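Have the sequence and the 3D view open as you read.

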Amino acid sequence: MLAYLARRVLQALPLLLAVVLVTFALVELAPGGPLVALAGEDGDAAYYASMRERYGLDRPVHERLAVYLGRVARGDLGYSYRLQRPALQAVLERLPATLLLIAPALVLAAVIGVGAGALAARHAYGALDTVVSGATLLGHAIPVFWLAQLLTLGFAYHLELFPVQGMRDARSDATGLAAALDVARHMVLPVTALTVQYLAPIARVARASLVDVLAADYVRTATAKGLAAPRVVYKHALRNAMLPVVTVIGAQVAFMASGAVLTETVFAWPGLGRLLMSAMLARDLAVISAMFVLITVAVVVSTLVVDLLYAALDPRIRYA
Amino acid sequence: MRSERVAERFGRARAPRAAPSLWLGVGLAALVVLAALLAPLLAPGDPFAAAGRPFLPPSAAHPFGTDDLGRDVWRAVIHGSRVSLLVGVSVAAITLVLGLAVGAIAGFVGGWLDDLLMRITEFVLVLPRFFLALVVVALFGASLGNLILVLALSGWGLTARVARAGVLAAKQREYVLAARALGAAGPRLLLRHVLPNVMAPVLAYAALQVGNAIVVEASLSFLGFGDPNAMSWGYLLNGAQAFVRRAWWLSIFPGLAIVITVLAVNLLADGVRDRRVASASNA
């Protein structure tokens, strides 16, 4: 297992290097050159001089690359002049608010998705399956930001059940439990939109893999032994059908992040989405590229974690 | 076939029926393609020009109402189909060619070239396309050309993997061995004998790319970073955001247009894949 772990980690490193190289190349090729790309457009002369020094911008390209790689290796993903702080710090400051939406949505989507997938698989090609599969296809096709708009329209404007925007009620000075409840009330609609978005791929994969597993011999054996169908499905088959579900969740990091960014925009949620919007409007490339690199790293790491989980759950894989 | 055994086991002897959903996909896709082709007839006039008073609700004169600038939403939605299809089809076509070329060469030639191409494919697969597209838009400006290019260059990974797997499997089939024994070799063997048999799954992935690219384009335009000269559904939803409460029609119709289009291409992709499974199990 240890050798496998070492091998997989080593395989991930070139991917990370390639991501950094692509970012470097894009910044180099940008109109206006790397200085504007790295430092933004609204700095003064002294700031530009310091940026030129910091990134060695008056040196030849291979030396610039070396400087850039060195900085990235030390966790320096650029400096946002607009925010007056390192880009990475700006991103990490906003991350918790975004995770506050992603985490509950992911848990809900996993539970509902696996449940719906199991239901569909048990009644494969029957009416229930058609309903679940149809809903899944529809869920794939609905853009999350449009769903967010519809939820606002229905539940915030018309029924007035939930707040339209924001994370807290600006008029309330509640603390403790009341403040937490206030945040929870603001979370309902964005989390619902995200859950629907995350749900579709999970339900689809859960159904497909369970249909496969239910056709396996050991399931037939369990049935032949006289176990009731629900027990076979939920106790024996589901466990083995979970591997592809874990994979699809692990493979969706980028999709989950972009969904969160779009949802936050509709609900004016103070997370990564808001940061990204303001950075885009100000052409604050340090922040934009820092977010790109960070999310790619998250994709690589989650792929790695899924592979390791796989190997831990299924010993056959380590020797493949 | 496995799924039939399941159906039997759980009391249903019916085989999977792909046909109705496939035909639904064909019908919806035809609707969207017709809207794009006949846009000047269905909704004559410049979609950016004002056509009436602002915020008119849907009526006979303006079936989808008018927006805050008095522009006709029906005209905008119909013309928007052109932008969505242009982006979706161009991206899918480029990823199809790129993915097929990379996957086929990797699988057919093998060796170090296979290793190299698959490492590159792996890299393309980890790229978060939405965020990459934002970086490109921020650095190089928002235009449909830039968008198509970045989505295509970052979208061929799965197609390449599927093509490679198909070529590897086909290489072992008797008819390919027979063709090889008869003297076919190199590009001719690949193009005439191997490739035709890997096209079905590759086309299914290409169809998925259409929907994918349309959603990313709509997402960027919704954030306000799409091509400012293109009347797209995302752009309309961006405009709707500030007026959802006052004018629901600004949000409903462009959103429905996206859903119908993406649903159509995904149904088509599923249909192509199911047909392949069906024909494979009959063989």
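## Chain B overall

Read along the sequence, the pattern is simply α-α-α-α-α-α-α-α-α-α-α-α-α. Before going on, note that this is a predicted model, where local features need pLDDT of at least 70, side-chain atom pairs count only at pLDDT 80 or more, and totals for chains, interfaces and linings use all residues. Residues are numbered from 1 along each chain as its sequence is written, chains are lettered from A and ligands numbered from 1 in the order in which they are written, and side-chain values use heavy atoms, with hydrogens and water left out.

The C-alpha trace of chain B spans about 75 × 55 × 35 Å along its principal axes. Of its 283 residues, 52% count as buried, where buried means under 20% relative accessible area, exposed means over 50%, and partly exposed is in between (1.4 Å probe, protein chains only). Take the contacts in chain B between residues at least 6 apart in sequence: 71% of them join residues at least 24 apart. A contact here means heavy atoms within 4.5 Å.

Chain B has about 12600 Å² of accessible surface, and 65% of that belongs to carbon and sulfur atoms. Areas come from the Shrake-Rupley method with a 1.4 Å probe, and for residues only the protein chains shown count as cover. On the charge side, chain B carries 24 positive and 14 negative side chains, with the centres of the two sets 6 Å apart. Lys and Arg count as positive, Asp and Glu as negative, while His and the chain ends are not counted; each charge is placed at NZ of Lys, CZ of Arg, CG of Asp or CD of Glu.

## Chain A overall

Chain A has 13 helices and 2 strands. Its C-alpha trace spans about 80 × 55 × 35 Å along the principal axes, and buried residues make up 49% of the 320 residues. Among chain A contacts between residues at least 6 apart in sequence, 71% join residues at least 24 apart.

Chain A exposes about 14600 Å², with carbon and sulfur atoms supplying 67%. There are 26 positive and 20 negative side chains in chain A, and the centres of the two sets sit 11 Å apart.

## Two buried arginines

R71(B) sits in the loop between helix 3 (39–42) and helix 4 (73–109) of chain B. Why does R71(B) count as buried? Because its relative accessibility is 10%. Setting aside neighbours within four places in sequence, R71(B) is in contact with residues including P47(B), F48(B), M231(B) and Y235(B).

Over in chain A, R64(A) belongs to helix 4 (residues 61–73). R64(A) has 15% relative accessibility, so it counts as buried. Leaving out neighbours within four places in sequence, its contacts are F24(A), E28(A), Y55(A), G56(A), L57(A) and R59(A).

## A phenylalanine that touches chain A

F123(B) is part of helix 5 (residues 111–126) of chain B, and this residue is buried, with a relative accessible area of 13%. Which residues does F123(B) touch, not counting those up to four places away in sequence? They are L15(A), A18(A), V19(A) and V22(A). F123(B) and S154(B) are 31 residues apart in sequence, and their C-alpha atoms are 9.3 Å apart in space.

## Surface patches

V33(B), L34(B), L37(B), L38(B), L41(B) and L42(B) make a nonpolar surface patch of about 570 Å². Patch residues have over 30% relative accessible area and no salt bridge; like charges are joined within 9 Å, and nonpolar side chains (Val, Leu, Ile, Met, Phe, Trp, Tyr) within 5 Å. A salt bridge is a side-chain nitrogen of Lys or Arg within 4 Å of a carboxyl oxygen of Asp or Glu. Helix 2 (19–37) and helix 3 of chain B each supply at least two residues of the nonpolar patch, and helix 2 gives the largest share, 3 residues. One of the patch members, L37(B), is in helix 2 and is exposed, at 59% relative accessible area.

Chain A has a positively charged surface patch where K225(A), R231(A), K235(A) and R239(A) gather. K235(A) lies in helix 10 (residues 229–250) of chain A and is partly exposed, with a relative accessible area of 42%.

## Positive phi in two loops

Q84(A) has a phi near 55°, a positive value in a residue other than glycine. Q84(A) is in the loop between strand 1 (79–80) and strand 2 (85–86) of chain A. Y125(A) has a positive phi of about 65° although it is not a glycine, and Y125(A) is in the loop between helix 5 (87–122) and helix 6 (127–141) of chain A.

Notes: Helix = DSSP H or I, 4+ residues; strand = E, 2+ residues; numbered from the N terminus.
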